[in-house]
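I opened the model to look up its helices, its aromatic rings and its charged pairs. These are my notes, in the order I took them.

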Amino acid sequence: MKKTLLKYPWLVYVMLACATSSWGSAFIAGNIATQDLDPSTVAFFRFFFATLLLIPLMFWLDKGGRRPKGKEWLMMGFLGLTGIALYNIAFFIATRDAPVVKSSLFIASNPILILLMSALF
């Protein structure tokens, strides 16, 4: 991949623009989706379709990689439930109930809030 990026430096900027556009459009898409569906349903479908794409991609790209064993699956499930599922349900509730700009600013403050809460606990 490094050769491709060095050979085509403009590709880096295209990839950055695509990432920024998709992150920014998530707030608008979340607002539209939660007008008709429950936030937990939207979060479920978001990760259901991402799983259908990403699990096969993981097995294809990381053929000899380490897989979780035993209790690690339980920890991964707990981390997925709290760090991913609850976060995204809260994200979709915020996009449904608050203006898009306010919810995006709140999400942008997450690193600072995590730092402060980590110091507190």
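Entry 1. Before I list residues, I need one term: a residue is buried when its relative accessible area is under 20%, exposed when it is over 50%, and partly exposed in between. I also note that the model is predicted.

Entry 2. I began with helix α2. In this helix I found Ala 26, Phe 27, Gly 30, Asn 31 and Thr 34 to be buried. I then checked the length. Helix α2 runs over residues 9–36, which is 28 residues. From its first C-alpha to its last it reaches 42 Å, close to the 40 Å expected at 1.5 Å a residue. I looked for a bend as well, and α2 has a kink of about 30°, centred on Ala 26. Ala 26 is also one of the buried residues of α2.

Entry 3. I picked Thr 20, which has its place in helix α2. Is Thr 20 buried or exposed? Its relative accessible area is 51%, so it is exposed, because the cut-off for exposed is over 50%. I also took one distance from here. Thr 20 and Leu 54 are 34 residues apart along the chain, and their C-alpha atoms are separated by 20 Å.

Entry 4. Next I took helix α3, residues 39–61. Its 23 residues should span 33 Å at 1.5 Å a residue, and the end C-alpha atoms are 32 Å apart, so the two values agree. Helix α3 bends by about 30° at Thr 51. Its buried residues include Pro 39, Val 42 and Ala 43.

Entry 5. I turned to the aromatic rings. How many aromatic pairs are there? The count is six. One of them joins Phe 44 and Phe 45, whose ring centres are 5.4 Å apart with 65° between the planes, an edge-to-face pair. Phe 45 has a relative accessibility of 38%, so it is partly exposed. Another pair is Phe 44 with Phe 48: the centres are 5.7 Å apart and the planes are at 20°, so this pair is stacked. The cut-off I used for stacked is planes under 30 degrees apart.

Entry 6. An α-helix has 3.6 residues a turn, so residues three or four places apart point the same way. Phe 48 has a relative accessible area of 37%, so I noted it as partly exposed. Ring pairs link Phe 44, Phe 45, Phe 48 and Phe 49 into a cluster.

Entry 7. I checked the surface around these rings. Leu 37, Phe 44, Phe 45, Phe 48, Phe 49 and Leu 52 form a nonpolar patch there, with about 610 Å² of accessible area together.

Entry 8. Last, I looked up the charged pairs. Side chains of opposite charge can pair when their charged atoms come close. The count is two salt bridges. In one, the side chains of Glu 72 and Arg 66 meet at 2.7 Å, N to O. Glu 72 is partly exposed at 32%, and Arg 66 is exposed at 59%. Asp 97 forms a salt bridge with Arg 96, and their closest N and O atoms are 2.9 Å apart. Asp 97 is exposed, with a relative accessible area of 53%, whereas Arg 96 is partly exposed at 39%.

Key: Residues numbered from 1 in each chain as written. Predicted model: local features only at pLDDT ≥ 70, side-chain atom pairs only at ≥ 80, totals over all residues. Heavy atoms only, no water. Patch = residues over 30% accessible without salt bridge, like charges linked within 9 Å, V, L, I, M, F, W, Y side chains within 5 Å. Areas by Shrake-Rupley, 256 points an atom, 1.4 Å probe, with all protein chains shown as cover. Salt bridge = Lys/Arg side-chain N within 4 Å of Asp/Glu carboxyl O. Helix = DSSP H or I, 4+ residues; strand = E, 2+ residues; numbered from the N terminus. Buried < 20%, exposed > 50% of the residue type's maximum accessible area, 1.4 Å probe, protein only. Phe/Tyr/Trp six-rings, centres within 6.5 Å; stacked < 30°, edge-to-face > 60°. Expected span 1.5 Å × (residues − 1). Bend = angle between axes of the 7 residues up to and from the residue.
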